[in-house]
Amino acid sequence: MKLYGAMISPFVRKVAVVATEKGISWELARGGPGVPDPDFLAASPLGKIPAIDDDGFTLADSSAIATYLDAKYPEPRLIPEDPRGRGRAMFYDEFADTVLGAAGLKILFNRLVGPKLLKVGGDEALALQGEAELPRWTNWFESVVPETGWLLGDTFTIADISVASLFRTLAYIRHGVDAEARPKTAAWFGRVAARPAWAKVAEMEDAVAQRIMALADA
Ligand SMILES: N[C@@H](CCC(=O)N[C@@H](CS)C(=O)NCC(=O)O)C(=O)O
């Protein structure tokens with residue numbers, strides 16, 4: 001499977017971890033803002049990452065892709081089948097992709113991706129707005145994340161992947177998990193990061209991440 005995008009994106013990482021948890025073989029392909037690759041644009045009508053090409057079947061949007069992969073490769077199930085679990089998993093996925101993501105990406109795009117990677121500049125006022133919004137969501141998450149196990153209980157799900165992936169991206173802009181301020185979040189994130197699939201994806205990401213962090217600090 002071809003996965004269009006860059007791993008710094010929480011949405012691309014979400015799909016990478018879902019695919020790796022399921023043992024799907026995948027490779028990263030170039031795509032995203034500033035990459036006018038026709039195959040990517042055909043797979044992603046909105047021009048956003050991620051998108052996939054799975055044997056000629058193309059699909060965009062991390063949640064849509066995760067839903068597709070979970071249906072096609074049900075082992076291990078990452079989107080619960082029971083109604084309450086399914087609903088709650090979608091809730092956390094939405095929490096990660098909208099409010100937490102919206103606040104975090106204002107900082108990411110305006111301090112790092114825009115000015116340092118794409119060289120198109122950034123809006124510091126928007127970055128500050130993101131910084132002001134973020135604590136509401138990270139504090140709320142600290143109040144609900146369980147001390148043991150996973151967000152939905154005993155079973156690891158897309159909920160854990162989506163939220164943890166967002167926190168990983170926040171680390172690029174020095175807003176990753178703060179263990180002193182949010183110890184339950186830090187312990188849960190540590191459990192997610194210890195999973196073999198997460199570790200495998202992290203290993204792929206780390207070399208590039210170091211280069212990006214050096215740019216961020218420049
Ligand atoms: N809901 C989408 C969000 C995708 C998204 O916003 N990706 C960002 C990168 S983190 C992007 O491609 N932005 C470029 C743009 O908006 O033009 C998903 O879950 O895949």
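UniProt, in an unreviewed entry, places the feature "domain: GST C-terminal" at residues 82-215, and its annotation "domain: GST N-terminal", also from an unreviewed entry, covers residues 1-77; such positions are given in the numbering used here, feature names are shortened, and annotations may be inferred rather than shown by experiment. The model is predicted, so that local features need pLDDT of at least 70 and side-chain atom pairs count only at pLDDT 80 or more, while totals for chains, interfaces and linings use all residues. Residues are numbered from 1 along each chain as its sequence is written, and side-chain values use heavy atoms, with hydrogens and water left out.

The two annotated stretches compare as follows, where helices (H or I, at least four residues) and strands (E, at least two) are DSSP runs, numbered from the N terminus.

A domain assignment, automatic or from a database, divides the chain into domain 1 (2-72) and domain 2 (83-217), and the centres of the two, taken over C-alpha atoms, are separated by 19 Å. In the interface, 17 residues of domain 1 are in contact with 24 residues of domain 2, contact meaning heavy atoms within 4.5 Å. About 1,800 Å² is buried between the domains, with carbon and sulfur atoms giving 74% of that area; buried area is the accessible area (1.4 Å probe) that two parts lose on being put together, summed over both. Of the area that domain 1 buries against domain 2, Ile8, Arg13 and Glu21 supply 35%, more than any other three residues.

Charged pairs also cross this interface, where the rule finds 4 salt bridges, each being a side-chain nitrogen of Lys or Arg within 4 Å of a carboxyl oxygen of Asp or Glu. On the side of domain 1 that touches domain 2, α1 (10-21) and α3 (62-72) each supply at least two residues, and α1 gives the most, with 9 residues.

By the same rule, the salt bridge count comes to 12. Glu205 forms a salt bridge with Arg13, their closest N and O atoms being 2.8 Å apart. Because Glu205 lies in helix α8 (residues 196-217) and Arg13 in helix α1, this pair ties together parts that are 192 residues apart in sequence. A salt bridge also joins the side chains of Arg195 and Glu21 (2.8 Å, N to O).
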